[in-house]
Amino acid sequence: AEYTTPNPELRLQGHSKEGYGINWSTLKEGYLLSGAQDQKVILWDIQSGNKADKSMQPLREFNYHEDGVEDVAWHKFNENSFGSVGNDKKIILWDHRKSQPTHILTGNPSQMYAIDFSPFDENIFITGSGDKTVELWDIRQLDKRMHTFDGHNDEVMKVEFSPFNKSIFASASSDRRLIIWDINKVGEEIREEDARDGAAEMLFVHSGHRAKIPDFNWNSHERFLCASVEEESNILQIWQMAEAVYQDCLLYTSPSPRDRQKSRMPSSA
């Protein structure tokens, strides 16, 4: 195939090494976060880009991580708040108007690879790490984890809440599996034969990939439809759980953030 030189709308200049984390704000138009191996978190406002030479300098830089930044995520309710995680084993919460972090969580056993905030509860967020687990956190009580989700056999590379169900999230791992979890099922009793397949909160396991899964995304229009990619084979998979698996979840399905936003919009006369 003929190679075409890229012609981007904007070139964001500021990082000096490769980056893995990037996240658009859903609350403030044009605000974009990025994190990279240069230990920086950078905030961009693409509305301020130089359209003439298609370049843009950072709006702000945040320098507190002591190793590469693996992921960044905006808070879903507070337009000024975001989080970052990195190879320094730190979880850092920020207010972009301030030069210093609002919270720093240290003492994690391994590198941190992923973070996401709940689109339904302003106090809840999750993280994924190299110790093969996903941690559930409450911003109001950061001295301890709410729960540890243990089911992967290798480092957790990506975590993301469902856009429709307040208790559902998914995690992707280097173990070639993507697991869908149900927070509501934590602590439920299960039969001994079912326990061999994992904890009660492990709703579904997608095992169709043949290599590490670095990224995935929920479809924001159709419930429980996912897209996931694997690292070595350049393969993208689009898949969905069988309805029998998620039927119980429909009993407590919530409107998506997009739908909730539409419901607040005034109707035209």
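Which element gives the most to the lining of the second largest pocket? In the predicted model described here, local features require pLDDT of at least 70 and side-chain atom pairs count only at pLDDT 80 or more, while totals for chains, interfaces and linings use all residues. Residues are numbered from 1 along each chain as its sequence is written, and side-chain values use heavy atoms, with hydrogens and water left out.

The second largest pocket holds about 170 Å³ of space. A pocket is defined on a 1 Å grid over the protein atoms alone as an open set of points where a 1.4 Å probe fits, with protein on both sides within 12 Å along at least five of seven lines; lining residues have an atom within 4 Å of a point. Grid points are joined across faces, edges and corners, and the volume is the space filled by probe spheres set on the points. The lining comprises His75, Asn78, Ser81, Phe82, Leu93, Trp94, Asp95, Thr102, His103, Phe117 and Ile139. Strand E8 (81-86) and strand E9 (91-95) are the elements that give two or more residues to this lining. It is E9 that gives the most, with three residues.

His75 is located in the loop between E7 and E8 and, at 8% relative accessibility, counts as buried (under 20% relative accessible area, with exposed over 50% and partly exposed in between; 1.4 Å probe, protein chains only). Beyond residues up to four places away in sequence, His75 touches Leu27, Ser81, Phe82, Phe117, Glu122 and Ile139, where contact means heavy atoms within 4.5 Å. The C-alpha atoms of His75 and Asp95 are separated by 9.9 Å, the two residues being 20 residues apart along the chain.

For the protein chain as a whole, three helices and 21 strands are assigned, taken as DSSP runs numbered from the N terminus (helices H or I, at least four residues; strands E, at least two). Of its 269 residues, 46% count as buried. Among contacts with a separation of 6 or more, 46% are between residues 24 or more positions apart.

Aromatic pairs number 13 in the whole structure; rings of Phe, Tyr and Trp (its six-membered ring) pair if their centres lie within 6.5 Å, with planes under 30 degrees apart counted as stacked, over 60 as edge-to-face and the rest as tilted. The pair of Tyr31 and Trp74 is tilted, because the ring centres are 6.2 Å apart and the planes lie at 40 degrees. This pair links distant parts of the chain, with Tyr31 in strand E3 (residues 31-36) and Trp74 in strand E7 (residues 69-74), 43 residues apart. Tyr31 is buried at a relative accessible area of 9%, and Trp74 is buried at 2%. Phe161 and Phe169 form an edge-to-face pair, 6.0 Å centre to centre with 65 degrees between the planes, and both residues are buried.

Pro163 lies in the loop between strand E15 (156-161) and strand E16 (168-173) and is buried, with a relative accessible area of 14%. Pro163 and Asn219 are 56 residues apart in sequence, yet their C-alpha atoms are 8.0 Å apart in space.
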